[in-house]
Amino acid sequence: MSEYYDVILLAAGSATRFNHQSDRNKVLMPLKDRPVFDYSLSMFLSDPKCRNILFVTRETERPLFEEKTKDIYKEMPSKIIWVTGGKERQDSVSCALSDIRGDKSPAILVHDAARPFITRDLICRLLAGLSESPAVIPGIMAKDSMKLVKAAVVDQSLQRSAVRHIQTPQVFRTECLLEAVTRAEEEQFYGNEEGELVERLGYQVSVVEGLEQNLKITTAMDYTFARFMVEQQQVDR
Ligand SMILES: Nc1ccn([C@@H]2O[C@H](COP(=O)(O)OP(=O)(O)OP(=O)(O)O)[C@@H](O)[C@H]2O)c(=O)n1
Ligand SMILES: C[C@](O)(CO)[C@H](O)COP(=O)(O)O
């Protein structure tokens with residue numbers, strides 16, 4: 001469906017679960033020869049279909065991000081629009097949507113900078129899904145048994161084939177994401193991710209096969225694992 005897209009690259013989190021000895025934002029941490037955030041940034045910078053990168057950071061950390069980006073690319077890439085994030089992830093997405101300049105692209109991606117190992121193929125498959133649905137998200141099968149638990153007691157065992165671990169990037173028709181975020185704000189609803197905001201309006205959200213390698217660096221152990229993956233060339237990039 002979509003020739004061109006904009007991307008909201010989220011990096012304005014506080015990394016509370018990261019709990020690493022370094023105090024640095026996890027997406028500024030090194031992975032081999034470059035910071036975590038550059039693994040996804042470089043993918044969008046080199047994609048001719050990507051028009052604008054709304055790079056969302058905390059205001060206090062902006063100088064660090066700018067400095068590292070300039071170090072890598074020698075000058076500030078013109079596709080980047082710097083955006084100051086909000087308290088919650090959803091607030092950061094909303095700030096980015098308010099900062100889109102000029103003509104909006106027909107499609108918009110939302111991606112966690114904390115997920116470094118995305119691929120061009122995944123982006124293409126997500127965009128292709130927009131011809132059928134206004135929102136397309138990647139998911140992978142669960143490997144463990146899945147149960148609903150209430151107060152430390154099993155409430156229900158779930159059929160494993162019916163659940164997915166949901167990842168980013170998530171892709172939307174731009175007007176649909178704008179509507180979903182605006183409605184959530186009006187109704188003071190906070191979701192875990194943007195697919196949920198679209199789903200609650202009754203729109204179809206399609207799921208395409210995600211990638212096992214597309215881990216989110218949440219804890220210090222995830223970071224150790226991500227470093228191992230890069231060092232052992234375990235990632236398709
Ligand atoms: N207010 C926020 C919160 C999160 N994020 C971004 O959303 C992505 C996924 O969030 P998460 O892994 O939860 O990151 P943190 O908020 O940094 O971690 P934590 O929840 O452990 O504090 C990250 O790239 C993070 O930088 C953001 O841009 N703005
Ligand atoms: C969007 C997400 O990465 C999909 O799995 C996830 O919901 C983000 O959760 P977080 O608690 O904000 O890290």
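Let's start with ligand 1: 23 residues surround this molecule, and the closest are Leu 10, Ala 12, Gly 13, Arg 17 and Ser 92. A residue counts as near a molecule when its C-beta atom, placed from the backbone, lies within 6 Å of it. Sorted by class, this shell holds 9 nonpolar, 7 polar and 7 charged residues. Here Ala, Val, Leu, Ile, Met, Phe, Trp, Tyr, Cys and Pro are nonpolar, Asp, Glu, Lys and Arg are charged, and the others, Gly among them, are polar. Helix H3 (residues 89-98) gives the most to the shell around ligand 1, with 3 residues. Helices (H or I, at least four residues) and strands (E, at least two) are DSSP runs, numbered from the N terminus.

A few words on the model itself. This is a predicted model, in which local features need pLDDT of at least 70 and side-chain atom pairs count only at pLDDT 80 or more, while totals for chains, interfaces and linings use all residues. Residues are numbered from 1 along each chain as its sequence is written, and chains are lettered from A and ligands numbered from 1 in the order in which they are written. The protein chain averages a pLDDT of 95 (the predictor's confidence in each residue, from 0 to 100), and 99% of the residues score at least 70. As for the scores of the model, ipTM is 0.97 and pTM is 0.97.

Ligand 2 has its own surroundings: Arg 89, Asp 112, Ile 166, Gln 167, Thr 168, Asn 192, Glu 193, Lys 216 and Thr 218. By class, that shell splits into 1 nonpolar, 4 polar and 4 charged residues.

Now for the inside of the protein. The largest nonpolar core has 54 residues, and those with the most contacts inside it are Ile 8, Leu 9, Ala 11, Leu 54 and Val 56. Helix H1 (residues 36-45) supplies the largest share of this core, 6 residues. Such a core is a set of buried Ala, Val, Leu, Ile, Met, Phe, Trp, Tyr and Cys residues joined through C-beta atoms within 7 Å. Buried means that 20 or more other C-beta atoms lie within 10 Å of the residue's own; with 12 or fewer a residue is exposed, and in between it is partly exposed, with C-beta atoms placed from the backbone.

H1 is mostly covered, with 8 of its 10 residues buried. Those are Val 36, Phe 37, Asp 38, Tyr 39, Ser 40, Leu 41, Met 43 and Phe 44.

Which residues does Ile 8 touch, leaving aside its neighbours within four places in sequence? Ile 8 is in contact with Leu 54, Val 56, Val 93, Ala 96, Ile 108, Leu 109 and Val 110. Two residues are in contact if their C-beta atoms, placed from the backbone, lie within 7 Å.

Not counting residues up to four places away in sequence, Cys 95 touches Val 56, Val 83, Thr 84, Gly 85 and Gly 86. Cys 95 is partly exposed, with 17 other C-beta atoms within 10 Å. Over in strand E3 (residues 34-35), Arg 34 also counts as partly exposed, with 16 C-beta neighbours inside 10 Å.

| Pair | Apart in sequence | C-alpha to C-alpha |
|---|---|---|
| Arg 34 and Thr 69 | 35 residues | 9.8 Å |
| Cys 95 and Val 56 | 39 residues | 8.3 Å |

Next, take a look at strand E11 (residues 170-173). Both of its faces are covered: Gln 170 and Phe 172 are buried on one side, Val 171 and Arg 173 on the other. In a regular strand the side chains alternate between the two faces of the sheet. E11 pairs with strand E6 (residues 107-112) in the antiparallel sense over 4 bridges, and Ala 107 stands opposite Arg 173. Strand E7 (residues 135-141) also runs antiparallel to E11, joined by 2 bridges, with Ala 135 opposite Phe 172. Two strands pair if DSSP finds at least two bridges between them.

Most residues other than glycine have a negative phi, and most peptide bonds are trans. The bond from Thr 168 to Pro 169 is cis, with omega near 10 degrees, and Pro 169 sits in the loop between strand E10 (164-166) and E11.

Ala 152 has a positive phi of about 65 degrees although it is not a glycine. Ala 152 belongs to the loop between strand E8 (147-150) and strand E9 (153-157), and is exposed, with 5 other C-beta atoms within 10 Å. Gln 188, not a glycine either, has a positive phi of about 50 degrees. Its place is the loop between helix H5 (174-186) and helix H6 (194-199), where Gln 188 is exposed, with 6 other C-beta atoms within 10 Å.
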